[in-house]
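Hi,

Here is the structure we talked about passing over. Have a look first, and my notes on the ligand site and the pockets follow below.

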Amino acid sequence: MGIKENLLNIRKTISECAIKSGRGENDVKLVAVSKFHPAESVLEAISCGQLLFGENRVQEAAAKFDFVRSTGAEPCLHIIGSLQRNKVKEAVRIASCIESLDRIELADEIEKQCAKIGKKIDVLLEIHTGEESKSGFSSEEDVALVLEKCAAGEYGHIVPKGFMTMAPNTDDESLVRKSFSYLRELRGRMSSRFPSLSLSELSMGMSGDYEIAISEGATIVRIGTAIFGQRDYSK
Ligand SMILES: *Cc1c(COP(=O)(O)O)cnc(C)c1O
């Protein structure tokens, strides 16, 4: 099936899951993950009304989205992959949100680069909840430290919006659920600890597990394969 049919089907499923979990049909945002797929695929998705995209490699994303934007299109881009310090400058130039803030030093660098260009950027704190994935904060105290600095106004250009995670890649649904419910509970703890911050977003769920994620409270799902097809990693 093509990108258009895939997007229609996924949007329908997302709406149904959102309603089942007591939310409005448009309450869950879809990040179309276009990594390893060409600019033409992004443009096709845009022509179907999809304006929010996710990429995990900054250089690939910059080339692709600079081209897409040169055609006059105005997509939003989230960086969802682990971010090296020397890529932050380029990342904050092209993205509206960094979903993969996973260490304190990275927050310092994002603040520094955003201050230079006078841009405020949304961030999600990535949390390690599944055994297989290595990325994300694994200490709640480190998470609190970053949020503390945000609440104290030390990061004037960083707007924390919530949390992101990747569930373990397993057929055991209970493990996947556990990972998502952990993220939701962490949001609850951090929201009561930092009432001045608005930490409503939960970015969780990919092609294989987004229905479970929405039932556990996802507000953002990140879907690649189910929209664009298999990725060709040999490229
Ligand atoms: C690639 C990727 C996705 C999308 O995965 P699919 O299984 O293709 O839907 C979601 N989140 C992150 C962080 C990714 O790197």
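Starting with the ligand: one of its nitrogen atoms is 2.8 Å from an N or O atom in the side chain of Arg222. I call that a polar contact, meaning a pair of N or O atoms within 3.5 Å. On its own the ligand exposes 390 Å², and the protein buries 91% of that (Shrake-Rupley areas, 1.4 Å probe).

Before you go further: this is a predicted model, with local features needing pLDDT of at least 70 and side-chain atom pairs pLDDT 80 or more, while totals for chains, interfaces and linings use all residues. Residues are numbered from 1 along each chain as its sequence is written, and side-chain values use heavy atoms, with hydrogens and water left out.

The shell around the ligand (residues with a heavy atom within 4 Å) includes Val33, Lys35, Ile80, Met166 and Met206, and also Gly224 and Thr225. By class it has five nonpolar, three polar and three charged residues; here Ala, Val, Leu, Ile, Met, Phe, Trp, Tyr, Cys and Pro count as nonpolar, Asp, Glu, Lys and Arg as charged, and the others, Gly among them, as polar.

Now the pockets (open sets of points on a 1 Å grid over the protein atoms alone, where a 1.4 Å probe fits, with protein on both sides within 12 Å along at least five of seven lines; lining residues have an atom within 4 Å of a point). The ligand takes up the space of the largest pocket (more than half of its atoms lie within 2 Å of the grid points). About 740 Å³ of space lies in the largest pocket, and 29 residues line it, with Met166, Ala167, Asn169, Met206 and Arg222 nearest its centre.

The second largest pocket holds about 160 Å³. Its lining includes Arg11, Ile14, Glu25 and Gln50, and splits into three nonpolar, three polar and three charged residues.

Cheers

Methods:
A polar contact is a pair of N or O atoms within 3.5 Å; within protein, one must be able to donate a hydrogen and the other to accept it, and residues adjacent in sequence count only if both atoms are side-chain atoms. Grid points are joined across faces, edges and corners, and a volume is the space filled by probe spheres set on the points.
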